[in-house]
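Visitor: Hi! Could you walk me through a few spots in this protein?
Guide: Happy to, let's have a look together.

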Amino acid sequence: MAGRLLKVSSLATAVFASSGFYLYNRQLDLNDLSVIRFGRAALTTAVISCDYLTAFKHVEYGTEEYWALKSKVHRRSAERLRDLCCANRGTFIKVGQHLGALDYLLPEEYTSTLKVLHSQAPQSSMEEIKQVIREDLGKELSELFVSFEEKPQGAASLAQVHKAVLHDGRTVAVKVQHPKVQRQSSKDIVVMEVLLKMVHLLFPDFAFMWLVEEAKKNMPLELDFINEGRNAEKVAKMLAHFPFLKVPIIHWNLCTKRILTMEFAEGGQVNDRDYMEKHGINVNEISENLGKMYSEMIFVHGFVHCDPHPGNVLVAKCPQSKKTEIVLLDHGLYQVLQPDFRLDYCRLWQALIKGDMPGMERYSRRLGAGDLYPLFACVLTARSWTAVNAGISSVPVTHAEDVEIRTNASLYLPQISELLNRVPRQMLLLLKTNDLLRGIETTLQTRASSSSFINMSRCCVRAMARHKRSKTRSKRRRLQITLSESLSLWKLTMYELFLWVKDSTAARWLTALLSVMH
């Protein structure tokens, strides 16, 4: 018996020793082990769930004490979730960033805490970057570039970008995927799916499976840099009539699924007011052009860049023309809108702008909101029900209304969760995009400006006219549609001119002069 025990212990010692030697020899990071990543995620989920289950046992619902405690629980849960994302990196950071962008859908404690993930993405070592380039392009750095800056220009959840100079003297940005992300992403999504299902069993109102479904669909696309390059070229061609838009040119001979080489573009982030003031860039012009660009993508073409966080949208003065440019980066995530969905979405926004309540209800229901259409209208516009009833273009946004909307995101979380599970999957990325754009407008202090509604209305009119023309063969009917479209666009232009005159200095002088004369 003693002999057997001695043999077993000797065998176990040998196994552990050889395993340790293997791990040491491979210089394997424990964070790369699936069991470690799953264990960390499971433990965090258990701690957060336990906190929500036990924290409110001795507090009466609806009291000030209850809401104060709930805010604290939200905050510490969000911090635990943030720490998990930072530890597991990759897909976890990507999903955390997605949640942090949903300002008007999730409690403020979560969004404000998770927003820091945009600046806390991991960096790969220079040796890892060289290895990816060696494996994918088959050459050493010195053979491809005259110079290659070791310090990245920026690091994100899936990749990092380095500035380099080609042998012909052109400066490029080289986006290199973190080497472990591809391998880990599918396993991470399975972990999230399992844990979210367990949470849903404990909290039936918590229905966030849409988050996993979106990650399953979008992650493979975002990890394919050839797809990103094609998206960049498509949107550049699609919006070529906007002289203010710059999309970096792709260098296809230095691209693979894990490497994207493009023209290097400089500028300040779109929410950096100090940069704009320093370089003489008009904040209102930037906000208006950003609105034009996205209205065109959403309503007219149905091909939408869905990650417009400030790091992906730069502003700059063109050195040659001295005109202001918007530089659009990171083209990995686009939403293609189906024609029927896009047209219903157009009609819904037209109804919301005009305060057409029957139309708002009809098209909200057609987009899957059902009896939650009032909540859907408020979520989509980030406006109060009072403002929606009056017509969002006629009621300015107030600080009190903004606070009310953010507070309601916490109060109505179960209903918002149900709504997000009801609406078509295409709507989810649009809601994220809306929230990111609203965040930029809020920082620039151009939120809900009349020009943004006019640009949206123009695009909706054009989209509806194009659709009607495609449905008829009659030349006479097509002419009628075109004339009606032209009249609607002319009315919008006249209204825009009226607003410009009303707000101009000359109008203020005339008003002052008339008041003095009387």
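This is a predicted model: local features need pLDDT of at least 70, side-chain atom pairs count only at pLDDT 80 or more; totals for chains, interfaces and linings use all residues.

Guide: Let's begin with Trp-490, which sits in helix α21, residues 475–503.

Visitor: Is Trp-490 buried or exposed?
Guide: Trp-490 is exposed, because its relative accessible area is 51% and the cut-off for exposed is over 50%.

Visitor: New topic: where is His-178?
Guide: Look in the loop between β4 (171–177) and α8 (181–202). His-178 is buried, since its relative accessible area is 6% and buried means under 20%.

Visitor: What does the side chain of His-178 reach?
Guide: The side chain of His-178 reaches the backbone oxygen of Ala-156, at 3.0 Å.

Visitor: And which residues does His-178 touch?
Guide: Leaving out residues up to four places away in sequence, His-178 touches several, including Pro-122, Gln-123, Ser-124, Ser-157 and Leu-158.

Visitor: Now helix α18. Which of its residues are buried?
Guide: In α18 (residues 413–422), the buried ones are Leu-413, Ile-416, Ser-417, Leu-419 and Leu-420. They lie on the same side of α18, because they cover an arc of only 160° around the axis.

Visitor: What covers the buried residues of α18?
Guide: The cover includes α9 (209–222), α15 (373–381), α17 (399–411) and α19 (425–444).

How values were computed:
Residues are numbered from 1 along each chain as its sequence is written. Side-chain values use heavy atoms; hydrogens and water are left out. Helices (H or I, at least four residues) and strands (E, at least two) are DSSP runs, numbered from the N terminus. Buried means under 20% relative accessible area, exposed over 50%, partly exposed in between (1.4 Å probe, protein chains only). A polar contact is a pair of N or O atoms within 3.5 Å; within protein, one must be able to donate a hydrogen and the other to accept it, and residues adjacent in sequence count only if both atoms are side-chain atoms. Contact means heavy atoms within 4.5 Å. The arc is that of the directions from the helix axis to the C-beta atoms.
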